[in-house]
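Subject: Structure handover

Hello,

Here is the structure I promised to send. Please open it next to this email, and then read on for what turned up.

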Amino acid sequence: MGNYKEKRQLMVEEQIFMRNVRDEKVLHAMAKVPREEFVPDELKPYSYEDRPLPIPGGQTISQPYIVAYMVEALALRGGEKVLEIGTGSGYAAAVLAEIAAEIYAIERIGQLANFAKKNLLKTGYKNVHIKHADGTNGWQEKGPFDAILVSAGAPTIPKSLLRQLKIGGKMVIPVGSNRLAQELVRIIRKSDDDYIREDLADVRFVPLIGKYGWNNEEQKLKHIQPEFSKKHMNNY
Ligand code: SAM
């Protein structure tokens with residue numbers, strides 16, 4: 001169980017580099033953030049497996065590869081101000097914090113906002129600022145942002161988030177009319193009213209619930225473990 005550093009290095013080589021994530025900053029960040037510190041204690045032995053894992057509140061810490069893939073798609077150079085919606089365990093925020101300057105992270109479940117705070121405190125990430133709120137509103141007072149990462153699946157792209165993106169900024173977000181299957185999309189803001197949309201991959205995230213997301217009621221159905229799409233998994 002013990003040698004997490006070695007397992008982490010293997011994770012980077014076998015799950016991430018082998019699937020063509022090549023941005024050095026991202027590979028370095030993934031090799032540095034201790035994923036075992038972002039999962040419940042009993043799941044630590046599984047923390048470097050190639051899959052999402054359950055965290056409190058019926059949510060998930062995403063598969064390492066999808067975190068690396070999404071962060072790479074933001075093309076961060078260092079020094080940016082980034083907004084993350086759907087902080088969960090705080091793991092993706094920590095990966096972002098290794099590259100960018102300041103991370104503003106929003107989580108709608110209070111128990112998870114506290115879980116993320118605790119995990120980021122013990123791992124020493126001081127440049128992540130966490131808010132317990134509905135992230136579909138964004139974080140207007142702290143914007144505009146160089147990059148926005150949405151870690152839950154939205155029915156449509158919230159306009160509030162589009163407006164909080166700097167010109168030239170990028171947003172990566174899973175979007176789709178099915179609550180549990182989405183297209184991962186990258187938006188680049190070209191001017192005040194001009195955005196480019198690129199479809200990147202088929203993915204499966206837990207739903208983004210909130211004013212400009214899904215409504216909460218249907219969420220009570222049942223808990224289904226999301227996974228990265230088969231299409232993408234086959235992309236070795
Ligand atoms: N990035 C997380 C990590 O590294 O552990 C995993 C995110 S998990 C796949 C999606 C998260 O989005 C859940 O924790 C869920 O509670 C949160 N979420 C859903 N709707 C939200 C909203 N409107 N605002 C903020 N967080 C939301």
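How many helices and how many strands does the protein chain have? The count is 7 helices and 9 strands. Please keep in mind that this is a predicted model.

**Overall build**

Size comes before detail. The chain has 236 residues, and a compact globule of that length would have a radius of gyration near 18 Å. The protein chain has 16 Å, which agrees. Along the principal axes, the C-alpha atoms fill a box of roughly 50 × 40 × 35 Å.

Of the 236 residues, 53% are buried. The accessible surface comes to about 10800 Å². Carbon and sulfur atoms account for 50% of that surface. I also looked at contacts between residues at least 6 apart in sequence. Of these, 58% join residues at least 24 apart.

Now the charges. The chain carries 34 positive and 30 negative ones, and their mean positions lie 3 Å apart.

**Salt bridges**

Side chains of opposite charge can pair when their charged atoms come close. The structure holds 10 salt bridges. Here are some to look at.

Start with Arg8 and Glu36. Their closest N and O atoms are 3.4 Å apart. Is the pair buried or exposed? Both Arg8 and Glu36 are buried.

Next, go to Lys44. Its side chain meets that of Glu37 in a salt bridge, at 3.5 Å from N to O. Lys44 also bridges to Asp41, at 3.9 Å from N to O.

Why does Lys44 count as buried? Its relative accessibility is 16%, and the cut-off for buried is under 20%. Its two partners get other labels. Glu37, at 23%, counts as partly exposed. Asp41, at 57%, counts as exposed.

Ser47 is buried, with a relative accessible area of 0%. Which residues does Ser47 touch, leaving aside its neighbours within four places in sequence? They are Tyr4, Arg35, Glu36, Val39 and Leu53.

**Backbone points**

- Gly143 and Pro144 are joined by a cis peptide bond, with omega about 0°. Pro144 is in the loop between β5 (128-132) and β6 (145-150).
- Asn20 has a positive phi of about 80°, although it is not a glycine. Asn20 is in the loop between α1 and α2.
- Ala75 is a residue other than glycine that has a positive phi, near 50°. Ala75 is in the loop between α3 and β3 (81-85). With a relative accessible area of 35%, Ala75 is partly exposed.

**Glu107**

Last stop. Where is Glu107? It is in strand β4, residues 102-107. At 6% relative accessibility, Glu107 counts as buried.

Again leaving aside neighbours within four places in sequence, Glu107 is in contact with several residues. Among them are Gly86, Thr87 and Gly88. Leu112 and Ala113 are also on the list, as are Lys131, His132 and Ala133.

How far is Glu107 from Arg22, C-alpha to C-alpha? The two are 29 Å apart in space and 85 residues apart in sequence.

Best wishes

Note on methods:
Residues are numbered from 1 along each chain as its sequence is written. This is a predicted model: local features need pLDDT of at least 70, side-chain atom pairs count only at pLDDT 80 or more; totals for chains, interfaces and linings use all residues. Side-chain values use heavy atoms; hydrogens and water are left out. Helices (H or I, at least four residues) and strands (E, at least two) are DSSP runs, numbered from the N terminus. The radius of gyration is taken over C-alpha atoms; the globule rule is 2.2 Å times the number of residues to the power 0.38. Buried means under 20% relative accessible area, exposed over 50%, partly exposed in between (1.4 Å probe, protein chains only). Contact means heavy atoms within 4.5 Å. Accessible areas come from the Shrake-Rupley method with a 1.4 Å probe; for residues, only the protein chains shown count as cover. Lys and Arg count as positive and Asp and Glu as negative; His and the chain ends are not counted. The place of a charge is taken as NZ of Lys, CZ of Arg, CG of Asp or CD of Glu. A salt bridge is a side-chain nitrogen of Lys or Arg within 4 Å of a carboxyl oxygen of Asp or Glu.
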